[in-house]
Amino acid sequence: MPQRSNLIDKVLLSRNGNALLNAVTVLPTLIKINKDCFVREAALSLSVTTEEMSVRVGAIVDARAELEGPLLPILHDVQKEFGFVPQPALQIIASRLNLSRAEVHGVASFYHDFREEHPGRHVLKICRAEACQSMGADRVANHAKRTLNVDWHETTADDAITLEPVYCLGLCACAPAALMDDKLVGRVDEDRLDTLIGEARS
Ligand code: FES
């Protein structure tokens, strides 16, 4: 089995445009031997060929195309499929829906829900809407940023947690609210946040 460092070297080379074929041939091994951030990112960005992307995104568009206003459901499904909305997907969606790439990009970038990069293993969302703000959400958010050493939309160095803002989680009566993956937490304070972060990292 190739050593991890050699594999990463090959991927780095490929990013410089010198050894794409080498990287492609070792990617299945890469995915098997290591789940850490860099390898996962490299595998994701390099293993999904334009053709494969076209097929996967095309299938999503086909399944939603008949809806009235299909763009948002399509973007949500693409994000579910890849963990984010890859840039090449925008053109594929645009072509299939007879829109311009700028129109699709405009929608994808308007909504905070859509990510441009692959998230960490967990996504922590902290509500920034009015009811939560009035109950100390800013203090909680600042604590999260300091503890994780990230800003909004960034992922921790260990690839464990991506921090995202959200605008109402429907839990206004128990503000401030946060969401760790699918776990909704009300009346979150610094201690509860630390517990959530600790559980996610364990
Ligand atoms: S305003 Fe934060 S949950 Fe509604």
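Mentor: Gladly, and we begin with the sheet: in this predicted model, four strands form an open sheet in the order 2-1-3-4, with mixed pairing.

Trainee: What makes strand 2 and strand 4 the edge strands?

Mentor: Strand 2 and strand 4 (183–185) each pair on one side only, and pairing requires at least two bridges between two strands. Across the sheet, neighbouring strands are turned against each other by 20 degrees on average, direction ignored.

Trainee: How do you know that strand 1 and strand 2 pair?

Mentor: The threshold is at least two bridges, and strand 1 and strand 2 have six bridges, in the parallel sense, so by that definition they count as paired. Within this part of the sheet, Cys127 stands opposite Val166 in strand 2.

Trainee: Which helices pack on the sheet, and which strands do they touch?

Mentor: Helix 9 touches strand 1 and strand 2, and its direction makes about 150 degrees with that of strand 1. Helix 10 touches strand 1, strand 2, strand 3 and strand 4, and its direction makes about 10 degrees with that of strand 3.

Trainee: What is the makeup of the largest nonpolar core?

Mentor: That core has 21 residues, of which Leu124, Ile126, Ala137, Ala144 and Ala178 touch the most other members. Two or more residues come from each of strand 1 (122–127), helix 9 (137–148), strand 2 (161–166), strand 3 (178–180) and helix 10 (190–201), while helix 9 gives the most, with five residues. Apart from it lies another core, of 13 residues, among them Ile60, Val61, Leu90 and Ile92.

Trainee: What describes the packing of helix 4 and helix 5?

Mentor: Helix 4 (residues 50–64) and helix 5 (residues 71–82) pack at an angle of about 145 degrees, with their axes 9 Å apart, and helix 4 passes helix 5 in a right-handed crossing. On the helix 4 side, Arg56, Val57, Ile60, Val61 and Arg64 meet Pro73, Ile74, Asp77, Val78 and Glu81 of helix 5.

Trainee: How many residues of each class does that contact have?

Mentor: The contact of helix 4 with helix 5 has six nonpolar, no polar and four charged residues. Because Asp, Glu, Lys and Arg count as charged, Arg56 and Arg64 in helix 4 and Asp77 and Glu81 in helix 5 belong to the charged class.

Terms used:
Residues are numbered from 1 along each chain as its sequence is written. This is a predicted model: local features need pLDDT of at least 70, side-chain atom pairs count only at pLDDT 80 or more; totals for chains, interfaces and linings use all residues. Axes are lines fitted to C-alpha atoms, for helices over the stretch in contact, and angles run from 0 to 180 degrees between N-to-C directions. A crossing is left-handed if the near helix is turned anticlockwise from the far one by less than a right angle, and right-handed if clockwise. Two residues are in contact if their C-beta atoms, placed from the backbone, lie within 7 Å. A nonpolar core is a set of buried Ala, Val, Leu, Ile, Met, Phe, Trp, Tyr and Cys residues joined through C-beta atoms within 7 Å. A residue is buried if 20 or more other C-beta atoms lie within 10 Å of its own, exposed if 12 or fewer, and partly exposed in between; C-beta atoms are placed from the backbone.
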